[in-house]
Amino acid sequence: MSDLGKVDRAFFDDLIYPNLGASRDDVTLEPQHGVDFGAIDVGGRSVVLATDPVFVMPSLGFERAAWFAFHVLVSDVAVSGLPPTHLAVDLNLPPEITDEQFRTLWETFDREARDLGVSVVTGHTARYAGCNYPMVGGATALAVGDPDDVV
């Protein structure tokens with residue numbers, strides 16, 4: 001895995017796909033190369049999940065960077081055909097982020113989540129030495145809906 005960016009299909013097929021933990025009947029869409037979401041059945045409802053890095057580019061300005069980061073996070077479940085409904089956010093922030101910059105980042109996440117009907121249900125927020133922009137954490141977005149609506 002010497003190349004930067006996402007792994008290629010051969011790497012995925014050789015190392016990732018054969019090692020996906022326990023096989024479960026409720027998994028309706030398991031990991032696939034080039035598909036950025038998976039799905040499980042919970043009581044006849046489809047729960048679509050997608051995990052991505054939280055990608056913040058301060059050079060855009062914190063409000064615009066946060067808007068971009070939020071929409072990247074929810075877009076992978078939106079392409080499933082179900083609208084995003086929930087978000088879990090892990091922020092591993094660089095020490096130099098100011099409280100005001102964080103306020104702008106988080107209030108933008110809140111505004112965009114409210115506009116789309118997305119609830120932040122869990123997370124982790126801290127500053128750590130060694131953390132740098134643009135990758136400042138990770139998040140999992142979920143969409144809950146009718147399995148027939150998943151494309």
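## Strands 2 and 3

Strand 2 pairs with strand 3 (residues 45–55) in the antiparallel sense, over five bridges. This is a predicted model.

## Strands 1 and 2

Strand 2 covers residues 38–42 and also pairs with strand 1. The sense is again antiparallel. This pairing runs over two bridges. Val27 has Ile40 of strand 2 as its bridge partner.

Leu20 belongs to the loop between helix 1 (9–16) and strand 1 (27–29). How exposed is Leu20? Its relative accessible area is 33%, so Leu20 is partly exposed. That class lies between the cut-offs of under 20% for buried and over 50% for exposed.

## A negative surface patch

Negative charge gathers in a surface patch of Asp3, Asp8, Asp13 and Asp14. Asp3 is placed in the segment before helix 1. Asp3 counts as exposed because its relative accessibility is 60%, and the cut-off for exposed is over 50%.

Is Phe62 buried or exposed? Phe62 is buried, because its relative accessible area is 12%. The cut-off for buried is under 20%.

Where does Trp106 lie relative to Phe62? In sequence, the two residues are 44 residues apart. In space, Phe62 and Trp106 are 9.6 Å apart, C-alpha to C-alpha.

Ala129 is in the loop between strand 5 (119–127) and strand 6 (135–145). With a relative accessible area of 74%, Ala129 is exposed.

Leu93 and Ala129 are 36 residues apart in sequence. The C-alpha to C-alpha distance between Leu93 and Ala129 is 8.4 Å.

Technical notes: Residues are numbered from 1 along each chain as its sequence is written. This is a predicted model: local features need pLDDT of at least 70, side-chain atom pairs count only at pLDDT 80 or more; totals for chains, interfaces and linings use all residues. Side-chain values use heavy atoms; hydrogens and water are left out. Helices (H or I, at least four residues) and strands (E, at least two) are DSSP runs, numbered from the N terminus. Buried means under 20% relative accessible area, exposed over 50%, partly exposed in between (1.4 Å probe, protein chains only). Two strands pair if DSSP finds at least two bridges between them. Patches are made of residues with over 30% relative accessible area and no salt bridge: like charges are joined within 9 Å, nonpolar side chains (Val, Leu, Ile, Met, Phe, Trp, Tyr) within 5 Å. Accessible areas come from the Shrake-Rupley method with a 1.4 Å probe; for residues, only the protein chains shown count as cover. A salt bridge is a side-chain nitrogen of Lys or Arg within 4 Å of a carboxyl oxygen of Asp or Glu. Lys and Arg count as positive and Asp and Glu as negative; His and the chain ends are not counted. The place of a charge is taken as NZ of Lys, CZ of Arg, CG of Asp or CD of Glu.
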